[in-house]
Amino acid sequence: GLDGAPENEYGEMLRDGVVLERYAEEIFHNLRRIRIDGDPAALFRSYDQVLFENGQGLRLDAEFRESLPHVTASRTGLVNAVRLLDDCGLRLDEAVDVTRTYLTKHGAGPLKNECPEFPAERNIVDRTNVPNPWQGALRYAKWEDPEDLSLHIECEGLTAETDEKTHTLIIRGG
């Protein structure tokens, strides 16, 4: 079972040993379908540009102290990509961080510049982040300060500079 599961239909499902056993069997079955072949360094070298996509937001990084204890258990920035490249004897020369003009957050914890609701004129419908018993409703905030973003980048041991002409944040690895 799962300690701390909510006392509702979802919690019952999470505490059900048969459900958990079937879930574990399904994961095991799916992992057998994954095959990693070849030399990852050769794979990366075969491309002019490599794109890494990450889950979760920079403010949820396990090491971002400003958000503790409301963080994920994983690293969310460039750290894992840099480590992977390093393991292959390669390095990150430049990264472009693409972000929205607003922030979102599920659950508790601080959210700088939070808005009571997402502005209706944005006309965004997000069916993937519906309210749920564990995290509540999706919260929104304005992302007003590019320097705030560079703070997250610098926490990873990388450097960030803003191109004033294009308002582009340029990230360089070390």
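Predicted model: local features only at pLDDT ≥ 70, side-chain atom pairs only at ≥ 80, totals over all residues.
View 1. Strands S3 and S4 run antiparallel to each other and are joined over 2 bridges. Strands of a sheet pair through backbone hydrogen bonds, in either a parallel or an antiparallel arrangement.

**View 2. The open sheet with the strand order S2-S4-S3.** The sheet consists of 3 strands with antiparallel pairing, and its edge strands are S2 and S3, each of which pairs on one side only. Strand S2, which comprises residues 102-105, pairs with S4 in the antiparallel sense over 4 bridges.

**View 3. The salt bridge between Glu-114 and Arg-139.** The closest N and O atoms of Glu-114 and Arg-139 are 2.9 Å apart. The pair links distant parts of the chain, with Glu-114 in strand S3 (residues 114-115) and Arg-139 in strand S4 (residues 139-142), 25 residues apart. Glu-114 is partly exposed, with a relative accessible area of 39%, whereas Arg-139, at 16% relative accessibility, counts as buried because this value falls under the 20% limit.

**View 4. The salt bridge between the buried residues Arg-75 and Asp-61.** The structure holds 3 salt bridges, and in this one the side chains of Arg-75 and Asp-61 meet with an N to O distance of 2.9 Å. Both Arg-75 and Asp-61 lie in the loop between helix H3 (40-45) and helix H4 (79-87), so the pair ties together parts that are 14 residues apart in sequence. Arg-75 is buried, and Asp-61 is buried as well. Side chains of opposite charge can pair when their charged atoms come close.

**View 5. The salt bridge between Asp-93 and Arg-91.** Asp-93 and Arg-91 form a salt bridge in which the closest N and O atoms are 2.9 Å apart. Arg-91 has a relative accessible area of 52% and is therefore exposed, the limit for this class being over 50%.

**View 6. The buried and exposed sides of helix H4.** Val-79, Ala-81 and Leu-85 are buried in H4, and because they cover an arc of only 165° around the axis, they lie on the same side of the helix. On the other side of H4, Asp-86 and Asp-87 are exposed. The buried residues of H4 pack against helix H3. Just after H4, Gly-89 takes a positive phi of about 75°.

**View 7. Helix H2 and the cap at its N-terminal end.** Asp-16 caps the N-terminal end of H2, with a side-chain oxygen placed 2.8 Å from the backbone nitrogen of Val-18. Helix H2 has 15 residues (residues 17-31), and at 1.5 Å a residue these should span 21 Å.

Technical notes: Residues numbered from 1 in each chain as written. Heavy atoms only, no water. Salt bridge = Lys/Arg side-chain N within 4 Å of Asp/Glu carboxyl O. Buried < 20%, exposed > 50% of the residue type's maximum accessible area, 1.4 Å probe, protein only. Pairing = 2+ DSSP bridges. Expected span 1.5 Å × (residues − 1). Polar contact = N/O pair within 3.5 Å; in protein donor to acceptor, adjacent residues only side chain to side chain. Arc of directions from axis to C-beta. Contact = heavy atoms within 4.5 Å.
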